[in-house]
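Me: I'm new to this one, can you walk me through it? I'll just ask as I go.

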Amino acid sequence: MKKREFLKTSAILGAGTLLAPTIASSCMNSAAQTGATASLVAQGDDGLFLQPELGYAFNALEPHVDAKTMEVHYGKHHAGYTKKFNAALEYADFHSTDIYKLFASVSTHGNGIRNNGGGYFNHNLYWKFMSPDGGGEPAGVLADAIAADFGSFAEFKELFSVTAASHFGSGWGWLLLNADGKLQVTSLPNQDNPLMDISPVQGTPLLNIDVWEHAYYLTYQNMRKSYVDAYWNVIDWRFVEALYEEAVNS
Ligand code: MN
């Protein structure tokens with residue numbers, strides 16, 4: 001079986017209810033993105049989405065995120081979303097798709113693309129937001145914006161932590177830049193993200209945290225709040241600052 005046929009078969013078996021595609025998908029290239037934003041998505045010459053390199057070893061974030069969790073999360077969960085996302089796109093005849101345009105119209109593309117596309121992209125961000133050299137506090141214009149929009153870094157930290165820890169069920173906590181140019185914190189279910197037209201809160205993602213149990217269960221079991229508290233020790237604020245600066249200058 002050829003690759004494309006295999007992908008199409010996989011999509012038919014696995015993608016569930018796909019609606020008829022309503023966007024032209026070929027030659028959909030947005031303005032060239034550079035820097036931190038460009039590093040969030042990797043696509044091969046054939047248009048297939050690729051898992052970006054992790055950039056650090058599975059055990060590099062210990063003790064805050066354990067090596068086995070990282071190995072399974074990146075190597076199984078995220079790899080699975082990536083494969084199923086490509087299969088769903090193949091089934092819909094979306095080739096060389098711009099993921100940002102796809103999310104902006106995701107309500108018309110069915111749950112295979114919504115769930116697996118979100119699963120692909122959200123994890124790309126999550127790996128970037130963590131670093132063995134992480135922790136501390138943001139600096140520069142991002143620090144100023146956090147102080148302006150939340151009162152202080154401590155107040156932002158508390159809001160983000162409570163929002164993520166108290167999210168009911170599987171999902172993600174988010175910091176985003178909304179259309180009014182303000183920073184905003186929210187949580188969204190499953191693999192939804194603030195780029196999606198179905199999201200009640202929309203904007204440019206600047207930071208996230210995976211609160212699906214698979215992200216923390218091996219170390220923290222039912223204590224999601226302990227995992228959220230530990231996350232602050234690994235956040236790569238230099239990367240978040242770069243995303244913010246690109247977002248406000250775009
Ligand atoms: Mn996950």
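Me: Is Asp-93 buried, exposed or partly exposed?
Reply: Asp-93 counts as partly exposed, because its relative accessibility is 44%. The cut-offs are under 20% relative accessible area for buried and over 50% for exposed, with partly exposed in between (1.4 Å probe, protein chains only).

Me: Before I go on, what kind of model is this?
Reply: A predicted one: local features need pLDDT of at least 70, side-chain atom pairs count only at pLDDT 80 or more, and totals for chains, interfaces and linings use all residues. Residues are numbered from 1 along each chain as its sequence is written, and side-chain values use heavy atoms, with hydrogens and water left out.

Me: OK, back to Asp-93. Where is it found?
Reply: Asp-93 is in the loop between H3 and H4. Helices here are DSSP runs of H or I with at least four residues, strands are runs of E with at least two, and both are numbered from the N terminus. Asp-93 also has a positive phi of about 60 degrees, although it is not a glycine.

Me: Which other residue has a positive phi without being a glycine?
Reply: Gln-221 does, with phi near 45 degrees. Gln-221 sits in the loop between helix H8 (217–220) and H9, and it is partly exposed, at 32% relative accessible area.

Me: Why point those out?
Reply: Because most residues other than glycine have a negative phi, and most peptide bonds are trans.

Me: Then where is there a cis peptide bond?
Reply: Between Glu-62 and Pro-63, where omega is about 5 degrees. Pro-63 is in the loop between strand S2 (49–50) and helix H3 (67–91).

Me: New topic, the metal. What coordinates the manganese ion?
Reply: His-73 (NE2), His-123 (NE2), Asp-210 (OD) and His-214 (NE2) do, at 2.0 to 2.1 Å. Donors are N, O and S atoms within 2.8 Å of the metal (3.2 Å for Na, K and Ca), and since water is not among the atoms, sites may look incomplete.

Me: How are those donor residues spaced in sequence?
Reply: The pattern is H-x49-H-x86-D-x3-H. Within it, His-123 in helix H5 and Asp-210 in strand S5 (residues 204–210) link distant parts of the chain, 87 residues apart. His-123 is buried at 0% relative accessibility, and Asp-210 is buried at 0% too.

Me: How many aromatic pairs are there?
Reply: There are 23. Rings of Phe, Tyr and Trp (its six-membered ring) pair if their centres lie within 6.5 Å; planes under 30 degrees apart count as stacked, over 60 as edge-to-face and the rest as tilted. Phe-103 and Phe-121 form an edge-to-face pair, 5.5 Å centre to centre with 70 degrees between the planes. Phe-103 lies in helix H4 (residues 99–104) and Phe-121 in helix H5 (residues 111–129), so the pair ties together parts 18 residues apart in sequence.

Me: Are those two buried or exposed?
Reply: Buried: Phe-103 has 0% relative accessibility, and Phe-121 has 1%.

Me: And which residues form the aromatic cluster?
Reply: Phe-58, Tyr-74, Tyr-126, Trp-127, Trp-172, Trp-174 and Tyr-231 form one cluster.

Me: Last one: what is Thr-186 in contact with?
Reply: Leaving aside neighbours within four places in sequence, Thr-186 is in contact (heavy atoms within 4.5 Å) with Thr-163, Trp-172, Gly-173, Trp-174, Leu-176 and Val-201. Thr-186 is found in strand S4 (residues 183–189) and is buried, with a relative accessible area of 11%.
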